[in-house]
Amino acid sequence: MNKASDESFFQFGERLQKTLHLWIESSGRSLDECILQEQLVEIASPELKVKIIDRNPASFKEAVQIAEAHADSRRYLREEKASSTKNGPSVSAMAPPATSNPDSDSPTKATETSVTGAQPRLCYYCHEPGHLVKACPKKKQANTGS
Ligand SMILES: [Zn+2]
């Protein structure tokens, strides 16, 4: 409500009071309930605001209950979302844990150099030096044979 430029503060105050009384009378509620609900609507999200106004609660208590139910449903939706994403990150579980370990890089390098330097690497499959299991001719033979 705005004060008209040709209106005195006295007139404005009277008009304000009249409007307030009218508002309270038409709502059929007590003053404190009107103010309380107004405050609730003030802090409510646009979604909840619409809900409260739409339901036109008879009392502030009812308005609070609407707000609470609204918050509950939002919470429920959030939990649903959270649990559905919980099933998702199986991909991240499959990621090698080595990347999270900063020490994992250097030991593998150290063993690699020590292995190639001191003794030849042995094939995992046939335990022969000179090639790795990836290039193992015996394994290849076995694979093609079966
Ligand atoms: Zn081999």
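Reply: Helix 1 lies largely in the open, because zero of its 19 residues are buried. A residue would need 20 or more other C-beta atoms within 10 Å of its own to count as buried. The model is a predicted one, and the description that follows should be read accordingly.

Helix 1 covers residues 9-27, and the distance from its first C-alpha to its last is 26 Å, close to the 27 Å expected at 1.5 Å a residue. After helix 1 comes glycine 28, which has a positive phi, near 70 degrees.

Buried residues account for 3% of the 146 residues in the protein chain. The secondary structure consists of seven helices and zero strands, giving the pattern α-α-α-α-α-α-α along the sequence. Of the contacts between residues at least 6 apart in sequence, 12% join residues at least 24 apart.

Histidine 70 is partly exposed, because 16 other C-beta atoms lie within 10 Å, a number between the limits of 12 or fewer for exposed and 20 or more for buried. Leaving aside residues up to four places away in sequence, histidine 70 touches Leu48 and Lys51. Isoleucine 52 is 18 residues from histidine 70 in sequence, and their C-alpha atoms are 9.6 Å apart.

Most residues other than glycine have a negative phi. Asparagine 56, however, has a positive phi of about 45 degrees; this residue sits in the loop between helix 3 and helix 4. Asparagine 56 counts as exposed because it has 10 C-beta neighbours inside 10 Å. Histidine 127 likewise is not a glycine and has a positive phi, near 60 degrees. Histidine 127 belongs to the loop between helix 6 and helix 7 (137-145), and it is exposed, with 9 other C-beta atoms within 10 Å.

An unreviewed UniProt entry places the feature "domain: CCHC-type" at residues 123-138. Over residues 123-138, the chain is 12% helix and 0% strand, with the end C-alpha atoms 10 Å apart.

The average pLDDT is 78, and 73% of the residues score at least 70. Confidence is highest in helix 3 (residues 46-55), at a mean of 90, and lowest in helix 6 (residues 105-118), at 52.

Terms used:
Residues numbered from 1 in each chain as written. Predicted model: local features only at pLDDT ≥ 70, side-chain atom pairs only at ≥ 80, totals over all residues. Helix = DSSP H or I, 4+ residues; strand = E, 2+ residues; numbered from the N terminus. Contact = placed C-beta atoms within 7 Å. UniProt positions renumbered as here; feature names shortened; annotations may be inferred. Expected span 1.5 Å × (residues − 1). pLDDT = per-residue confidence, 0-100.
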